[in-house]
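Thank you all for making the time. I would like to walk you through one structure, going from the whole chain to a few single residues.

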Amino acid sequence: MSAQASLLAVFAHPDDEALRCGGTLALYAARGAQVHLICLTRGEAGRNTDPALGEVEIAPQREQELKDACAALGIHPPIFLGYHDSGRGDRLRRDDPLATINADPTEMERRILEVIEATHPQIMLTFDPHGMYGHPDHLIAHRVATAAYASSGFRQVRVQRLFYTVQSREEMLRLQSGRPLGVLEGLEPETYAVCDCTIAAHIDVRAHAAQKRAALFSHRSQTGPLSTLGTLTEEQFAPLMNTETFSLGGIRSPVPEYPMHDLFAGLDVAFSAGRPQEQLA
C-alpha cells in the first residue's frame with residue numbers, strides 16, 4: 001500500500017515559510033499531502049512594521065499571524081518548539097538562554113525527530129546553508145533540520161529527500177534593484193544565491209499565488225508600510241508568485257528527472273482528498 005504523502009518544513013520565525021516556499025506548501029496541501037510546519041521561535045525579536053496594529057506584544061502577535069498564514073495555505077497549524085528569536089546584528093540576544101544561538105542543537109534535532117516520527121514525511125524543506133541572508137536563527141534551522149534528516153536514516157521513519165529553499169542570482173539581483181529588500185542589501189549574490197546548475201527543483205506555484213500572497217500578508221507585523229518586504233514593487237514581487245526553487249540537501253531514493261518539477265516524483269505515495277484539520281499537540 002502506498003504511504004500517505006507527507007511534507008515537513010522547518011524554519012526559524014513566523015513569515016520564513018511564506019516568501020520562499022509558501023506556494024509549494026499550498027500546492028501539496030491542495031493535492032492531498034499532509035503538510036506540517038515546525039517553527040523554532042515566535043519571532044520575539046521582530047519589530048512591528050504596521051502602525052495600525054498599535055502597541056502589540058510581538059510574540060503572541062506573530063504566533064497568531066503564523067496560524068493565520070498556515071490556514072491561508074491550507075496546511076496544518078504550526079508546531080512551535082518554544083525557543084526564542086536570537087535577533088541579529090546589534091540586537092543579537094547573546095544573554096538569552098532560550099535564544100536559538102544558545103540552545104543545544106542536539107536537543108533541537110531530537111525534537112524535530114519526534115515530529116518526524118509523528119508525521120512520517122517523505123520530504124523535508126528548510127533554509128539553504130547561507131540562511132537566505134545569514135540570519136543566525138536561519139543558519140541554526142538549516143543545521144538542525146539537516147541533522148535530523150541525516151539521523152532519520154537510523155530510525156523507523158526515514159525521510160527520503162531534503163530540499164533547501166534557494167534564490168537564483170538573477171532573482172537576488174532583481175530583489176536588490178529599485179527599492180531593495182533591506183536584508184539583502186550589500187550581500188554578494190555569488191554567496192547568498194545559487195548558480196542555475198545548483199537548482200534541483202523548479203516548482204510552478206502560479207495556481208496558488210493568491211494563497212501565497214494571503215499567507216505573506218497574514219504576517220501584518222512584518223509586512224506593514226514600514227517594511228521593505230511589504231513595499232516591494234510589483235516587478236520585484238510578481239516573479240515570486242510564479243516559481244519556487246530548491247537545491248538538494250539529501251536524497252535516499254532515485255529521481256526520475258533532474259532538475260525536478262515535483263518534489264515527490266518517483267516516490268510511492270498517495271495523496272488524499274481534503275484539507276488537514278487536526279493539530280499536533
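This is a predicted model: local features need pLDDT of at least 70, side-chain atom pairs count only at pLDDT 80 or more; totals for chains, interfaces and linings use all residues.

Residues are numbered from 1 along each chain as its sequence is written, and side-chain values use heavy atoms, with hydrogens and water left out.

Let me take the chain as a whole. Its secondary structure comes to nine helices and nine strands, where helices (H or I, at least four residues) and strands (E, at least two) are DSSP runs numbered from the N terminus. The radius of gyration, taken over C-alpha atoms, is 18 Å, close to the 19 Å that the globule rule gives for 281 residues, so the chain is as compact as a globular protein of that length; the rule itself is 2.2 Å times the number of residues to the power 0.38. Along its principal axes, the C-alpha trace spans about 55 × 40 × 35 Å. Buried residues make up 55% of the 281 residues, with buried meaning under 20% relative accessible area, exposed over 50%, and partly exposed in between, using a 1.4 Å probe and protein chains only.

Now to the sheet. Seven strands form an open sheet, in the order β4-β3-β2-β5-β6-β8-β7, with mixed pairing, and two strands are said to pair if DSSP finds at least two bridges between them. At the edges sit β4 (79-83) and β7 (201-204), each of which pairs on one side only. Strand β3 (residues 34-41) runs parallel to β4 and is joined to it by three bridges, and I38 has I79 as its bridge partner in β4.

Next, a pair of helices. The axes of α2 (residues 58-73) and α8 (residues 209-218) come within 8 Å and cross at roughly 175 degrees; axes here are lines fitted to C-alpha atoms, for helices over the stretch in contact, and angles run from 0 to 180 degrees between N-to-C directions. The two helices are therefore roughly antiparallel to each other, a label given to angles over 145 degrees. In contact terms (heavy atoms within 4.5 Å), E65, D68, A69, A72 and L73 in α2 meet Q211, K212, A214, A215 and S218 in α8. Within α8, the residues A209, Q211, K212, A215, L216 and S218 are buried, and the buried residues of this helix pack against α1 (16-31), α2, α9 (234-237) and β8 (243-251).

H142 lies in helix α5 (residues 136-151) and, at 13% relative accessibility, counts as buried; leaving aside residues up to four places away in sequence, H142 touches T126, F127, D128, P129 and Y164. E117, in helix α3 (residues 105-119), counts as partly exposed at 26% relative accessibility, and with the same exclusion of residues up to four places away, E117 touches R155, Q156 and V157.

Notes
Angles under 35 degrees count as roughly parallel, over 145 as roughly antiparallel, 65 to 115 as roughly perpendicular and the rest as oblique.
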